[in-house]
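Have a look at the fold before reading on.

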Amino acid sequence: MKKKRRKPLPTVGDPNDPDGLLVWSRRYVEHQRIRNFSEQTIRLTEIGLRMFIGWAQDRSLERPTQITRPILEAYQRWLFYRRKPSGRPIAFSSQRLTLQKLKGFFRFLARQNAILWNPASDLELPKIEKKLPKAVLTEKEVELVLGLPDVTDATELRDRAMMEVLYSTGIRRHELAGLRIEDIDHERETVFIRLGKGKKDRIVPIGERALHWVNRYVEEGRPLLLVPPDEGHLWISELGGAISLDWYTRRMAAYVDRAGLGKTGACHIFRHSMATQMLEAGCDIRHLQELLGHAETSTTAIYTRVSVGRLKLVHGQFHPAAKLASKPKTTTTPKSEATPEDLLAALEAESEEDDG
């Protein structure tokens, strides 16, 4: 499967007006690139700004100097009442993200003296509810999903290895997609995540069982899928090359549907399930936070960085599939002040973005 081409951004604004919203939005995007923002962040900025520029253009607003706080508040109301093609409203998390991009844009305009004052400075963003995950798989349900692929087939052997890695490590979709062969350290039983969320590298433990399936895929399945030259991507499509992010969502969702559990989800459901099961087994939230790559679990919790060696001990102690043969669990880890609900709500908040 070839890498899917991104949808072109809508054509809005006047590209020939040096003081127009469109030209200034392009300068802002260039500013983000110079500051080494991630491509995902830049893409979300472009999408959010183009939507606003299109809305403003329909109301004959074409320059930043024409935008006032009441106009931005009207746009915020429009976002609230807007409906997707499915008829569903835009999630508050998405509304908040869109408005945050707008606030950053107008802050940039003010610093560049393109406007005399920043109309977005006091714009109140919608509050985000602390919702718990909609769908979480039990240990038995995860095993059912993992057992669906026909591992005698190279592509389904790859899928089994993918799901094992998602479940064992709890990494995000784009982190899974970015894995290279050398990122899997079989000797140390770790995975190196290159430029994860926030453009931060990190190392996470991986269980023996997941390593077993990755090794089997690399030895038996990947050579059958690969079309030279080998660029080092761990996961290879049916056509021999890299795989698009959207494909991961569709493929993982198809296996969850096939299981007939009455639950829906894709890559992120494995992350949710892993976190929930480890919490239920008694894992300390601070350690789980580090495993998941979260900066914080709540405003009151102090972020504690621990060594990967300690994380491996915690992972092996509390993850139900850390070992090829299950062993009884014992819990001696001290509790954190943060609550499990804080961590699970944080996972739910990021799931929409992660699964596209």
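How many salt bridges does the structure hold? The count comes to 21 salt bridges. Keep in mind that this is a predicted model.

## The chain as a whole

The protein chain has 13 helices and three strands. Of its 356 residues, 48% are buried.

Now for contacts along the sequence. Taking the contacts with a separation of 6 or more, 65% are between residues 24 or more positions apart.

Let's go back to the salt bridges and pick out a few. Asp 17 and Arg 63 pair through their side chains, with 3.0 Å from N to O. This pair links distant parts of the chain, 46 residues apart: Asp 17 sits in the segment before H1, and Arg 63 in the loop between H2 and helix H3 (69-81). Asp 17 counts as buried because its relative accessibility is 11%, while Arg 63, at 35%, is partly exposed.

Next up are Glu 164 and Arg 160, whose closest N and O atoms are 2.9 Å apart in a salt bridge. Both are in helix H6 (residues 154-169), and they are about one helical turn apart because four residues separate them. Glu 164 is buried, with a relative accessible area of 1%, and Arg 160 is buried too, at 12%.

Arg 194 and Asp 183 make another salt bridge, 2.8 Å from N to O. Arg 194 is in the loop between strand E2 (190-193) and strand E3 (202-205), and Asp 183 is in the loop between helix H7 (173-177) and strand E1 (184-185), so the pair ties together parts eleven residues apart in sequence. Arg 194 is partly exposed at 39% relative accessibility, whereas Asp 183 is buried at 2%. Salt bridges with shared partners also join Glu 143, Arg 160, Glu 164 and Arg 209 into one network.

## H1 against H2

How do helix H1 (residues 21-34) and helix H2 (residues 39-57) cross? Their axes come within 10 Å and cross at roughly 170°, which means that H1 is roughly antiparallel to H2. On the H1 side, the residues that meet H2 include Leu 22, Tyr 28 and Val 29. Among their counterparts in H2 are Ile 42, Leu 49, Phe 52 and Ile 53.

## Buried spots

Helix H11 (residues 285-292) is largely enclosed by the rest of the structure, because seven of its eight residues are buried. Those buried residues are Ile 285, His 287, Leu 288, Gln 289, Glu 290, Leu 291 and Leu 292. Just after H11, Gly 293 has a positive phi of about 80°.

Is Phe 318 buried or exposed? Phe 318 is buried, since its relative accessibility is 0%. This residue belongs to helix H12 (residues 308-318).

Phe 80, Tyr 81, Phe 92 and Ile 128 make a nonpolar surface patch of about 410 Å². Phe 92 lies in helix H4 (residues 92-111) and is partly exposed, with a relative accessible area of 38%.

Key
Residues numbered from 1 in each chain as written. Predicted model: local features only at pLDDT ≥ 70, side-chain atom pairs only at ≥ 80, totals over all residues. Heavy atoms only, no water. Patch = residues over 30% accessible without salt bridge, like charges linked within 9 Å, V, L, I, M, F, W, Y side chains within 5 Å. Areas by Shrake-Rupley, 256 points an atom, 1.4 Å probe, with all protein chains shown as cover. Salt bridge = Lys/Arg side-chain N within 4 Å of Asp/Glu carboxyl O. Helix = DSSP H or I, 4+ residues; strand = E, 2+ residues; numbered from the N terminus. Buried < 20%, exposed > 50% of the residue type's maximum accessible area, 1.4 Å probe, protein only. Axes fitted to C-alpha atoms, helices over the stretch in contact; angles between N-to-C directions. Parallel < 35°, antiparallel > 145°, perpendicular 65-115°, else oblique. Contact = heavy atoms within 4.5 Å.
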